[in-house]
Amino acid sequence: MQQPNQRKLSDWVNFLTTAEIPVLKQTARNLALLQQDEQHLNARSFAQVVKNDPLMTVKLLRHMQQHKHRTQQHDVMEVEQIILMLGLESTLNKIPAKPLVEEVLGRGNMNALVYLLKTTHRANLASTYAFDWAVRLHDLHFAEIRLAALLHDIAEMLMWCFSPAEMLKIKQLQKQNKSLRSTVAQEKILGFSLYQLQLELAIKWKLPELLITLMDDNNSNLQRVRNVVLAVDLARHAANGWNDAALPDDYENIAKLLHMQPTDVMTIVGASKQAEAAHSH
């Protein structure tokens with residue numbers, strides 16, 4: 001007998017497979033400006049804009065994977081390469097930067113919009129950290145690692161867009177009970193965890209194997225995955241302010257990953273600058 005919540009998970013997976021993924025207003029604005037500027041419009045400049053928006057990035061990736069040629073041997077995970085493969089003209093026509101997140105959410109959901117923007121900002125930070133550390137570790141998969149960190153919480157972002165009321169209930173539960181784990185709160189309200197949704201989507205959308213591996217925290221015995229997990233953790237904790245209680249552990253773990261001292265880690269992620277600024281005020 002099927003549990004009602006299992007049906008809900010598969011319903012969401014099916015819905016998010018065909019739904020038009022919304023994009024950030026900033027992305028749409030910047031891409032519109034680029035399109036008016038023939039001289040500077042190319043795959044590279046287009047990719048620069050897309051790369052800052054996890055929603056637009058995953059929109060592109062989903063389209064690419066759904067229209068993949070059987071002859072294509074290798075998975076492409078660099079935004080610029082995807083645009084080159086699809087062709088710039090075709091990308092502009094088939095994957096327009098719309099609808100906007102604001103349109104999907106409507107005026108009544110400003111709280112959800114704020115949380116969504118915080119989540120996308122956090123994803124950007126995480127991707128910057130992960131990329132930087134991968135380069136320091138001479139990992140040739142730095143582009144994939146960056147992408148995995150950017151998209152690590154994509155299920156959360158999509159649910160903020162399409163299920164804002166439930167997502168706000170989850171936040172409410174967590175506020176009421178600080179020790180409640182987020183997966184427990186999610187299962188209580190949604191009937192599944194966002195992590196489950198994320199994995200199901202990745203499989204359904206046939207996302208590249210390496211990307212699925214990198215986005216799966218259960219593989220954190222692999223250095224690459226640990227890089228992604230630690231970057232995501234750091235961005236999440238730092239979002240609460242640079243005095244968040246979880247940060248010292250993050251610095252320790254990142255120090256182990258990068259074979260350096262925790263104080264040096266604080267310097268490269270900009271935490272020591274923040275601490276100085278806080279003291280001087």
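A residue is called partly exposed here when its relative accessible area falls between the buried limit of under 20% and the exposed limit of over 50%. Phe-131, at 33% relative accessibility, therefore counts as partly exposed. With that in hand, welcome to the structure above, which is a predicted model.

## The overall fold

The chain has 18 helices and zero strands. Its radius of gyration is 19 Å, close to the 19 Å that the globule rule gives for 281 residues, so the chain is as compact as a globular protein of that length. Along the principal axes, the C-alpha atoms fill a box of roughly 50 × 50 × 40 Å. Of the 281 residues, 47% count as buried. If you look at contacts with a separation of 6 or more, 67% of them come from residues 24 or more positions apart.

In soluble globular proteins, nonpolar side chains tend to be buried together. In this model, the largest nonpolar core has 91 residues, and those with the most contacts inside it are Leu-55, Trp-133, Leu-151, Leu-197 and Leu-211. Helix 8 gives the largest share of this core, 10 residues.

Leaving aside neighbours within four places in sequence, Leu-197 is in contact with Leu-9, Trp-12, Val-13, Leu-16, Ala-155, Met-159 and Phe-192.

Helix 15 covers residues 223-238. At 1.5 Å a residue, its 16 residues should span 22 Å, and its end C-alpha atoms are 22 Å apart, which agrees. Helix 15 is mostly covered, with 12 of its 16 residues buried. Among the buried ones are Val-225, Asn-227, Asp-233 and His-237. The buried residues of helix 15 pack against helix 8 (110-136), helix 9, helix 14 (209-215) and helix 16 (247-258).

Leu-125 sits in helix 8 and is partly exposed, with a relative accessible area of 29%. Leu-125 and Ala-235 are 110 residues apart in sequence, yet 5.9 Å apart in space, C-alpha to C-alpha; Ala-235 is one of the buried residues of helix 15.

Asp-153 lies in the loop between helix 9 (142-151) and helix 10 (154-162). Is Asp-153 buried or exposed? With a relative accessible area of 17%, Asp-153 is buried, because the limit for that label is under 20%. Not counting residues up to four places away in sequence, Asp-153 touches Arg-122, Gln-198 and Val-232. Val-232 is itself a buried residue of helix 15.

## Aromatic pairs

The count comes to five aromatic pairs. Phe-15 and Phe-162 form an edge-to-face pair, 5.1 Å centre to centre with 90° between the planes. Phe-15 lies in helix 1 (residues 4-18) and Phe-162 in helix 10, so the pair ties together parts that are 147 residues apart in sequence. The rings of Phe-131 and Phe-142 have their centres 5.5 Å apart and their planes at 90°, so this pair is edge-to-face as well. Phe-131 lies in helix 8 and Phe-142 in helix 9, so here the parts tied together are 11 residues apart in sequence.

| Residue | Relative accessible area | Class |
|---|---|---|
| Phe-15 | 36% | partly exposed |
| Phe-162 | 21% | partly exposed |
| Phe-131 | 33% | partly exposed |
| Phe-142 | 33% | partly exposed |

Ring pairs also link Trp-12, Phe-15 and Phe-162 into a cluster. Trp-12 is one of the contacts of Leu-197. Elsewhere, Arg-62 lies over the face of Trp-205, at 5.4 Å from the ring centre.

## Backbone features to check

A cis peptide bond joins Lys-98 and Pro-99, with omega about -5°. Pro-99 is found in the loop between helix 6 (88-94) and helix 7 (101-105).

Which backbone angle of His-138 is positive although His-138 is not a glycine? That angle is phi, at about 55°. His-138 is placed in the loop between helix 8 and helix 9, and at 70% relative accessibility His-138 counts as exposed. Lys-206, another residue other than glycine, has a positive phi near 50°. Lys-206 lies in the loop between helix 13 (194-204) and helix 14, and at 58% relative accessibility Lys-206 counts as exposed.

Key:
Residues are numbered from 1 along each chain as its sequence is written. This is a predicted model: local features need pLDDT of at least 70, side-chain atom pairs count only at pLDDT 80 or more; totals for chains, interfaces and linings use all residues. Side-chain values use heavy atoms; hydrogens and water are left out. Helices (H or I, at least four residues) and strands (E, at least two) are DSSP runs, numbered from the N terminus. Buried means under 20% relative accessible area, exposed over 50%, partly exposed in between (1.4 Å probe, protein chains only). Contact means heavy atoms within 4.5 Å. The expected span of a helix is 1.5 Å times one less than its number of residues. A nonpolar core is a set of buried Ala, Val, Leu, Ile, Met, Phe, Trp, Tyr and Cys residues joined through side-chain atoms within 4.5 Å. Rings of Phe, Tyr and Trp (its six-membered ring) pair if their centres lie within 6.5 Å; planes under 30 degrees apart count as stacked, over 60 as edge-to-face and the rest as tilted. A charge sits over a ring if NZ of Lys or CZ of Arg is within 6 Å of the ring centre and within 35 degrees of the ring normal. The radius of gyration is taken over C-alpha atoms; the globule rule is 2.2 Å times the number of residues to the power 0.38.
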